[in-house]
Amino acid sequence: MTIAAGTFGPLESAGPAIVWIVVLTFVFLECALIIGLFLPGDSMLVTAGIVLATHEAGAQHTWALSAGAMGAAIAGNQVGYAIGKRSGHHLVARRNGRYVNARNLHKVNVLLDRHGFWAVLVARWIPWVRTLCPMVAGAANMDHRRYTIASSIGAVVWAPVLLLIGYYCGSQLERVPWLMPVVLGALVALLVVGTAAGVWGYRREMSKPVEDVVVDDVHR
């Protein structure tokens, strides 16, 4: 085992279980609920890949977790769509909110109406759009079959790509023993701080006055 694994004993002794729990939870929340807007999803996937690179069975776990993350993303997308569908064209925004505001909901609505299938694919790679897109698509009565196909294709590409980037970057870092603990420690610290800041930002956003937003039908 590398020096990185020895330096981060708790991560090694716990095995990949912690990584699995964190990744699947974050991915699902980011694709299903508003709080996902404030979580560091992309950086979390890359960090998870680097952490798994310190384990002897890291490659197997990375590929298996990629499949699990796909499933969590697809499930999250369906939950977000169902929430929007039940809203009956009305979504709740926050007046003067940073992300959950009428302007952003309108932007996503227009994007879906103009580009439909392709907008859902592109949304996967834009953090705030990734979370708002399912709810807006549901509220705007986007064809569920087209939405499901597009969001599933996006999930199949998004999660594995970022996890594998992290894993292979971690594999390269292990060639320089002193560098891995530094990089891994910095990334884990940033992830913890980013998550704490995200939860604080979510609470602050939700404390702002409620604003009703009417979403137009999507015709593509």
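**Entry 1: terms and the model**

I call a residue buried under 20% relative accessible area, exposed over 50%, and partly exposed in between. I also note that this is a predicted model.

**Entry 2: aspartate 113**

I looked up aspartate 113 with those terms in hand. Its relative accessibility is 29%, so aspartate 113 counts as partly exposed. I found aspartate 113 in helix 6, which covers residues 102-115. Which residues does aspartate 113 touch, not counting those up to four places away in sequence? I listed Asp217, Val218, His219 and Arg220. I then checked a distance along the chain. Asparagine 101 is 12 residues from aspartate 113, and their C-alpha atoms are separated by 19 Å.

**Entry 3: glutamate 30**

Next I went to helix 3, residues 17-32, where glutamate 30 lies. Is glutamate 30 buried or exposed? I read 2% relative accessibility, so glutamate 30 counts as buried. I looked for a partner for its side chain. The side chains of glutamate 30 and arginine 130 are joined by a polar contact of 2.5 Å. I also wrote down the contacts of glutamate 30, leaving out residues up to four places away in sequence. They are Gly36, Leu39, Gly41, Arg130, Thr131 and Trp158.

**Entry 4: cysteines**

How many disulfides does a search of the whole structure find? I got zero. I recalled that a disulfide is a covalent bond between the sulfur atoms of two cysteines. I took cysteine 31 as a case. Its closest cysteine sulfur is in cysteine 133, 10 Å away, so the two are too far for a bond. The cut-off I used is 2.5 Å between the sulfur atoms. Cysteine 31 has 0% relative accessibility and counts as buried. Cysteine 169, at 39% relative accessible area, is partly exposed.

**Entry 5: the largest cavity**

The structure holds one cavity of 30 Å³ or more. About 60 Å³ of space lies in the largest cavity. Which elements give two or more residues to its lining? I noted helix 7 (117-123), helix 8 and helix 9 (144-173). Helix 8 gives the most, with three residues. I listed the lining as Asn77, Val120, Ala123, Arg124, Arg130, Cys133, Pro134, Tyr147 and Ser151. I sorted these lining residues into five nonpolar, two polar and two charged.

**Entry 6: the largest pocket**

Then I turned to open spaces. The largest pocket has a volume of about 280 Å³. Its lining has 16 residues. Which of them lie nearest the centre? I wrote down Leu37, Phe38, Arg98, Tyr99 and Gly198. Helix 8 (127-139) and helix 10 (179-206) each supply at least two lining residues. Helix 10 has the largest share, with seven residues. I counted nine nonpolar, three polar and four charged residues in the lining.

**Entry 7: arginine 98**

Arginine 98 lies in the loop between strand 1 (90-94) and helix 6. At 61% relative accessibility, arginine 98 counts as exposed. It touches Asn104 and Glu205, not counting residues up to four places away in sequence. Glycine 76 is 22 residues from arginine 98 along the chain, with 22 Å between their C-alpha atoms.

**Entry 8: two asparagines**

I checked backbone angles next. Most residues other than glycine have a negative phi. Asparagine 96 has a positive phi of about 65°, although it is not a glycine. I placed asparagine 96 in the loop between strand 1 and helix 6. Its relative accessibility is 69%, so asparagine 96 counts as exposed. Asparagine 141 is not a glycine, yet it has a positive phi of about 60°. I found asparagine 141 in the loop between helix 8 and helix 9. At 34% relative accessible area, asparagine 141 is partly exposed.

**Entry 9: alanine 67**

My last stop was alanine 67, in helix 5, residues 58-86. Alanine 67 has 46% relative accessibility and counts as partly exposed.

Conventions: Residues are numbered from 1 along each chain as its sequence is written. This is a predicted model: local features need pLDDT of at least 70, side-chain atom pairs count only at pLDDT 80 or more; totals for chains, interfaces and linings use all residues. Side-chain values use heavy atoms; hydrogens and water are left out. On a 1 Å grid over the protein atoms alone, a cavity is a set of points where a 1.4 Å probe fits but cannot get out, and a pocket is an open set with protein on both sides within 12 Å along at least five of seven lines; lining residues have an atom within 4 Å of a point. Grid points are joined across faces, edges and corners, and a volume is the space filled by probe spheres set on the points. Helices (H or I, at least four residues) and strands (E, at least two) are DSSP runs, numbered from the N terminus. Ala, Val, Leu, Ile, Met, Phe, Trp, Tyr, Cys and Pro count as nonpolar, Asp, Glu, Lys and Arg as charged, and the others, Gly among them, as polar. Buried means under 20% relative accessible area, exposed over 50%, partly exposed in between (1.4 Å probe, protein chains only). A polar contact is a pair of N or O atoms within 3.5 Å; within protein, one must be able to donate a hydrogen and the other to accept it, and residues adjacent in sequence count only if both atoms are side-chain atoms. Contact means heavy atoms within 4.5 Å.
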